[in-house]
Amino acid sequence: MAMLLLFFLLAVSVVSADEDAFIGVNLGTDLSNMPSPTQVVALLKAQNIRHVRLYDADQAMLLALANTGIQVTVAVPNDQLLGIGQSNATAANWVTRNVLAHVPATNITAIAVGSEVLTTLPNAAPVLVSALKFIHSALVASNLDRQIKVSTPHSSSVILDSFPPSQAFFNRSWDPVMVPLLKFLQSTGSYLMINVYPYYDYMQSNGVIPLDYALFRPLPPNKEAVDANTLLHYTNVFDALVDATYFAMSYLNFTNVPIVVTESGWPSKGDSAEPDATVENANTYNSNLIRHVLNNTGTPKHPGIAVSTYIYELYNEDLRPGSVSEKNWGLFNANGMPVYILHLTGAGTVLANDTTNQTFCVAKDGADPKMLQAALDWACGPGKVDCSPLLQGQPCYEPNNVVTHATYAFNAYFQQMAKSSGTCDFKGVATITTTDPSHGTCIVPGSVGKNGTIVNGTSLAPSSNSTSSGCLSQYFHGDGSFTSSVIVGILVLSAVLL
């Protein structure tokens with residue numbers, strides 16, 4: 001055991017980082033479901049996203065990305081892999097059409113050859129390494145091999161016994177592919193691409209993996225996972241999976257191939273079988289992931305070593321087949337509005353996604369009506385919100401239920417407090433959104449009204465009869481049913497430029 005521990009500890013400092021870690025984003029597999037390429041690029045600029053991964057080499061998107069400086073990973077789709085892996089000429093033609101035609105104007109820095117080939121297209125596995133070598137040879141011929149790295153993304157399921165990480169190893173049946181692949185990556189100075197989804201590990205663990213451990217939430221020391229072989233402590237699933245990948249490579253005697261996580265994320269909506277696919281959990285995971293990566297924290301095995309990561313994905317894909325969660329991995333809806341506002345205080349400007357500066361405080365879905373009522377009473381009483389628009393006959397009386405009335409009062413308080421931290425909580429029954437809750441003739445404070453002017457939430461002087469608590473009975477007489485609000489906010493993508 002002592003020798004085993006020594007071996008693992010000596011391996012800690014082998015991998016070196018060439019640069020600080022970055023956060024990138026994946027564009028979806030079907031670009032037809034998204035805004036136009038120019039709108040996508042405008043959003044990337046507004047979000048200060050400097051790295052993007054495509055699932056193909058879409059010509060319109062590559063043209064739109066020209067002269068932006070954004071670093072682009074293009075991909076050889078799986079359905080083209082067999083042809084490229086069997087013909088050097090086919091690979092050279094692909095590079096000519098999809099790379100040489102766009103550089104240097106478009107800053108292509110990597111080519112992902114296929115996606116999760118070993119687990120999704122095993123019949124192409126025998127030609128995978130040949131495909132990488134043929135693509136690389138075409139880059140060498142064009143003197144682009146130093147600028148553009150070549151690799152292939154793997155599912156983390158190619159790693160067996162991923163915990164404890166020190167005992168992880170690649171599925172031995174893939175050794176005839178993995179060994180020459182790692183030799184290729186090592187010799188070309190490239191990196192291993194791995195897709196890391198703690199969401200799926202959590203879902204498949206049958207309760208063994210705590211939700212907090214999957215979401216990067218702080219854990220007390222006695223709840224941390226400890227690798228008995230190395231005595232390394234793990235506070236989140238992401239680090240454990242990355243380190244399992246490092247150890248799996250070490251098992252094959254490769255200790256100097258860096259890792260890039262090509263996909264990671266959390267769905268914001270699921271069906272009844274996926275109760276933890278929620279906006280709150282997606283926000284928590286991606287916010288914590290971004291902070292973790294940009295802080296160059298590294299992993300327990302390689303502390304301080306960059307683990308650059310691409311978030312899956314930029315947009316929700318409403319037309320994507322499959323379960324509800326499959327459609328809801330995006331940070332933004334197709335109309336450019338954020339699905340949620342990331343909690344990124346202190347994490348820099350990347351993905352600070354309230355590009356409109358239009359945020360509202362609303363009642364949280366599924367909140368206890370009694371708690372909503374109590375919070376509504378407080379807002380219209382001690383909170384000194386002018387709740388007169390909620391009175392019968394006034395613009396915000398209908399629909400007459402506690403959810404919409406509480407949303408109006410919560411938001412009015414949030415706006416008059418200048419959206420300061422902690423003013424949209426109300427004991428956990430409120431949440432921040434970019435969806436304007438205005439509806440019909442009810443224009444809420446902070447909204448861009450029908451005439452294009454912002455209703456000023458800070459000018460809401462408390463009415464003389466709204467200073468005593470317990471006044472809410474006059475504002476709520478409904479059945480508590482939920483009525484969807486009308487979305488009137490418009491995201492102007494060009495409003496924020498680099």
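## Ser166 in its loop

Ser166 sits in the loop that runs between β7 (159-160) and β8 (169-170). Strands here are DSSP runs of E with at least two residues, helices are runs of H or I with at least four residues, and both are numbered from the N terminus. Is Ser166 buried or exposed? Its relative accessibility is 8%, so Ser166 counts as buried. Buried means under 20% relative accessible area, exposed means over 50%, and partly exposed lies in between (1.4 Å probe, protein chains only).

The side chain of Ser166 also has a partner: it makes a polar contact with the side chain of Asp227, at 2.8 Å. A polar contact is a pair of N or O atoms within 3.5 Å; within protein, one must be able to donate a hydrogen and the other to accept it, and residues adjacent in sequence count only if both atoms are side-chain atoms.

## What kind of model this is

This is a predicted model, in which local features need pLDDT of at least 70 and side-chain atom pairs count only at pLDDT 80 or more, while totals for chains, interfaces and linings use all residues. Residues are numbered from 1 along each chain as its sequence is written, and side-chain values use heavy atoms, leaving out hydrogens and water.

The protein chain has 14 helices and 15 strands. Of its 498 residues, 55% count as buried. Contact means heavy atoms within 4.5 Å. Among contacts between residues at least 6 apart in sequence, 72% join residues at least 24 apart.

## Leu81 and its neighbours

Leu81 belongs to helix α4 (residues 81-85). With 0% relative accessibility, Leu81 counts as buried. Which residues does Leu81 touch, not counting residues up to four places away in sequence? They are Val76, Val113, Val117, Ala124, Val127, Leu128 and Ala131. Leu81 and Ala125 are 44 residues apart in sequence, and their C-alpha atoms are 9.5 Å apart in space.

## Helix α7 and two partners

Two packed helices are described by the angle between their axes and the distance between the axes. Axes are lines fitted to C-alpha atoms, for helices over the stretch in contact, and angles run from 0 to 180 degrees between N-to-C directions. Helix α5 (residues 88-100) and helix α7 (residues 125-141) have axes that come within 8 Å and cross at roughly 55 degrees. That makes α5 oblique to α7. Angles under 35 degrees count as roughly parallel, over 145 as roughly antiparallel, 65 to 115 as roughly perpendicular and the rest as oblique. The crossing of α5 and α7 is right-handed; this word applies if the near helix is turned clockwise from the far one by less than a right angle, and left-handed applies if anticlockwise. Among the residues that meet here are Trp94 and Val95 in α5, and Phe134 and Ile135 in α7.

With α8, the axis of α7 comes within 9 Å and the crossing is at roughly 15 degrees. α7 and α8 are therefore roughly parallel to each other, and their crossing is left-handed. On the α7 side, the residues that meet α8 include Ala125 and Leu128, and on the α8 side they include Leu181 and Phe184. Leu181 and Phe184 are also among the buried residues of α8. Just after α8, Gly189 takes a positive phi of about 70 degrees.

## Helix α12

Helix α12 (residues 279-294) has 16 residues and reaches 22 Å from its first C-alpha to its last, close to the expected 22 Å. The expected span is 1.5 Å times one less than the number of residues. α12 is mostly covered, with 12 of its 16 residues buried. Its buried residues pack against several elements, including β1 (23-26), α11 (237-251) and β12 (259-264). Just after α12, Asn296 has a positive phi of about 55 degrees.

## Helix α14

Why is α14 largely enclosed by the rest of the structure? Because 15 of its 15 residues are buried. The axes of helix α13 (residues 369-380) and α14 come within 9 Å and cross at roughly 40 degrees, so the two are oblique to each other. Among the residues that meet are Leu372 and Trp378 in α13, and Phe410 and Tyr413 in α14.
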